[in-house]
Amino acid sequence: MKIAQVVCQILRIPNITAKTASSQDSVLVRVRTDDGLEGVGEADSSPEVVKAIIDAPFSHNIACGLRQLLVGENPLDHERLWQKMYRRTMYFGRTAVGITAMSAVDMALWDLKGKAFGQPIHRLLGGKRHDRVRGYASILFGRDGKETADIARRWVKAGYTAVKFGWEPMGTSEAVDIDLVRGAREGLGDATLLIDAGCVYDARTALRRAHAFAEYKPEWFEEPLHEADIDGYVWLRDRSPLPIAAGEGECGRESFRPLIDRKALDVYQVDISRCGFTDASYIRARVEEIGARLCNHCYTSPLTVAASIHWLSTCRDAFLFEDCVEDSPLRHDLTHEKVQSVNGWMEVPDRPGLGVTLDEAFVQKYLVAESK
Ligand SMILES: [Mg+2]
């Protein structure tokens, strides 16, 4: 079996709005073999930038586009292919979007491997430890506490026992920030509350907010600091009354390593569309080794949702699953299978590979660019 084709497709919904939600477009990588199998993957990044990394022609030995590195290779060799892609993209890769593009390929290779062996990815990863994981509804804050309370009530009514609110307008002022959290708690009643600050504070202000928010009992305080402020996270985690979660922006093992080595976090949030299964397996092993907790990050299409639940189900302490409830056709209709929590629980699919199939009519409707 050999890789015959690497197709890259960009889908985008009309009327994109200026909000921090990556479910408005998607870049799909479809790896096809000479014997007719296909694996599908997705990256959470700027789709056109990922596509350029897939499509780029040969420049020199360590500056190659991914497609030409993959065609003719055995798709089951995903570990070797990860190393090959890493080495041969060193001049523009190694971090950020270079790894993210590799992750979309890696997700597709694992989907393909699952289909080739007739096994779900959680089994290829070593076996699931959970048949289902408690989903939390992941959504943005309202404009103020009152609107946030209304949003909270909506998702509790929909059956969720945990809800996360994130990003703007948090960080506007102490009064606004506390009003948002108070509103969230008011609307949730006894349900689990998670707060995602969206990288708006310096460490001292974050500590002050952690003390102020503690009264409303959030389960964690997510990304209070800039993603690169590792010293700040180490300092904050030592002092915060709330558990600190972060990691969603990290791309691959090299990016996670300093956070893990320095025990900077309580909860490590891993996005499979930025790490692939290959590096997510490494991160899982390292985080479990230091006794910290793992969660998925996922704000894109059902492909990454399915990838996330396969991986998270293999983690020892899978206590919550990020279930994005942003209202986007990409989130709801890209695949024939609905991958969303039911009564607040996310089931682990047992079908081969990712266990989801693309709705080709939907793909054609929202397709804005394609290369092969
Ligand atoms: Mg977040």
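Two strands pair if DSSP finds at least two bridges between them; strands (E, at least two residues) and helices (H or I, at least four) are DSSP runs, numbered from the N terminus. The model is predicted, so local features need pLDDT of at least 70, side-chain atom pairs count only at pLDDT 80 or more, and totals for chains, interfaces and linings use all residues. Residues are numbered from 1 along each chain as its sequence is written.

**Exercise 1.** Find the strands that pair with E7 and trace the chain between them.

*Solution.* 
Step 1: Strand E6 (residues 192-196) runs parallel to E7, joined by 4 bridges. Ile195 has Phe221 in E7 as its bridge partner.
Step 2: From E6 the chain passes through helix H8 (residues 203-214) to E7, a right-handed β-α-β crossover (with the strands pointing away from the viewer, the path from the first strand over the helix to the second runs clockwise).
Step 3: Strand E8 (residues 244-246) also pairs with E7 in the parallel sense, over 2 bridges. Here Glu222 stands opposite Ala245.
Step 4: Helix H9 (residues 230-239) carries the chain from E7 to E8, in a right-handed crossover.

**Exercise 2.** Which residues does Val105 contact, leaving aside its neighbours within four places in sequence?

*Solution.* 
Step 1: Contact is counted when C-beta atoms, placed from the backbone, lie within 7 Å.
Step 2: By this rule, and with those neighbours left aside, Val105 is in contact with Val29, Val31, Gly41, Leu66, Leu70 and Met85.

Note on methods: Two residues are in contact if their C-beta atoms, placed from the backbone, lie within 7 Å.
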